[in-house]
Amino acid sequence: MFRSIRVEIGDFLTLLGLMQWRYRYRLVIFVFGRAANKLLNLRLLDGMVLPFRTVTAYAAIDMPSGLRFLIEIVQRHVYSNFLTSQDAGIGIFYDVGANSGFLSLTRCLENRQLQAVCFEPHPKTFRILKRNIELNALTGRVTPVNVAVDRSSGTLQLNVAEGDSMAGVTRDFLGQGTPSEIATQAVSLDEYAQQHGLWPDAIKIDVEGHEEQVLLGAKKVLDRAKLLVMEVHSEELKARCTSILDGDGFQVTENGSLLFCRKRRLGPTLHS
């Protein structure tokens, strides 16, 4: 419990630094409201709109964990080598495992030509994602899709935990919350792209150990994509994903648990 409190205090101080002074009172109100809810079971508010310098975010009182992704993207710059101003010709971005949408939102706010499709299966997180899109006036340019991404379309069983914004096929990623299982609609990237006529130039994949299955359902999409970044959490998974990406013409560069991938040859790779 005390470790959790220390983590939240650290996140709070970091988030304060990402806001202008005139808006910091909102974060203070949110923290006190969360403490009242967590320690006294007293619900003073459902959530709070938090205007940060680079993006506006909605924080739900019972599930603020998505804000940690904002810290990673805006303050720690974990995706600093991905979708930068030097990456010309990128029009469509697929954000697979979008969570609250902060990578798509920040990149679309920086680049007015960019459109994003955000795939997020977690029901509560998806509602926050939709709210964030509206708050940043990106409706129409950022499309939220409440499905999981898999090797093929159908139904997928996902694990979720109370208060955690993430969902995954395994329970390895879950924190201290009590896990439960939900059934969700799943789609392959190839099928989604074909149905909607939206072929991505860039892709991000962060699906808590299910990355290989996403790649196996994206052969045609990978033929056309120029950039890809994905997170992998085991050497075995990294090796399998790297093999797929190498076969699809990507040059893979490792940075911790992230694989930054750039197409090294022009023209599609033909798949039977």
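Guide: We can begin with helix α3, where L67, F69, L70, I71, I73 and V74 are buried. Bear in mind that this is a predicted model.

Visitor: What makes those residues of α3 count as buried?

Guide: The term buried is used for a relative accessible area under 20%. In α3, L67, F69, L70, I71, I73 and V74 carry that label, so each of them falls under the cut-off. Just after α3 comes H77, which takes a positive phi of about 55 degrees.

Visitor: Why is it called a cavity and not a pocket?

Guide: A cavity is a set of points where a 1.4 Å probe fits but cannot get out, whereas a pocket is an open set. A search of the whole structure finds 3 cavities of 30 Å³ or more. The largest cavity holds about 200 Å³ of space. Its lining consists of 19 residues, with G97, P121, A167, D206 and V207 nearest the centre. Elements giving two or more residues to that lining are β6 (148-149) and β7 (154-161).

Visitor: How are the residues lining the largest cavity divided by class?

Guide: There are 12 nonpolar, 4 polar and 3 charged residues in the lining of the largest cavity. For the second largest cavity the division is 6 nonpolar, 4 polar and 3 charged.

Visitor: Why is strand β4 described as largely enclosed?

Guide: Of the 5 residues of β4 (residues 115-119), 4 are buried, so the strand is largely enclosed by the rest of the structure.

Visitor: How do you know that β4 pairs with β3 and with β5?

Guide: Two strands pair if there are at least two bridges between them. Strand β3 (residues 92-96) is joined to β4 by 5 bridges, and the two run parallel. The bridge partner of D95 in β4 is C118. The chain goes from β3 through α4 to β4 in a right-handed β-α-β crossover. With strand β5 (residues 142-145), β4 pairs in the parallel sense over 4 bridges. Here A116 stands opposite V142 in β5. The path from β4 to β5 passes through helix α5 (residues 123-135), and this β-α-β crossover is right-handed. Both bridge counts meet the cut-off, so β4 pairs with β3 and with β5.

Visitor: What makes β6 and β7 edge strands?

Guide: They belong to an open sheet of 3 strands in the order β6-β8-β7, with mixed pairing. Each of β6 and β7 has a single partner strand, so one side of each is left without a neighbour in the sheet. Between β6 and strand β8 (residues 179-187) there are 2 bridges, and these strands run parallel. V149 stands opposite V187 in β8.

Visitor: How do you know that the radius of gyration agrees with a compact globule?

Guide: A compact globule of 272 residues would have a radius of gyration near 19 Å, and the protein chain has 19 Å, so the value agrees. The C-alpha trace spans about 60 × 40 × 35 Å along its principal axes. Of the 272 residues, 52% count as buried. The chain has 9 helices and 12 strands.

Methods. Residues are numbered from 1 along each chain as its sequence is written. This is a predicted model: local features need pLDDT of at least 70, side-chain atom pairs count only at pLDDT 80 or more; totals for chains, interfaces and linings use all residues. Side-chain values use heavy atoms; hydrogens and water are left out. On a 1 Å grid over the protein atoms alone, a cavity is a set of points where a 1.4 Å probe fits but cannot get out, and a pocket is an open set with protein on both sides within 12 Å along at least five of seven lines; lining residues have an atom within 4 Å of a point. Grid points are joined across faces, edges and corners, and a volume is the space filled by probe spheres set on the points. Ala, Val, Leu, Ile, Met, Phe, Trp, Tyr, Cys and Pro count as nonpolar, Asp, Glu, Lys and Arg as charged, and the others, Gly among them, as polar. Buried means under 20% relative accessible area, exposed over 50%, partly exposed in between (1.4 Å probe, protein chains only). A crossover is right-handed if, with the strands pointing away from the viewer, the path from the first strand over the helix to the second runs clockwise. The radius of gyration is taken over C-alpha atoms; the globule rule is 2.2 Å times the number of residues to the power 0.38.
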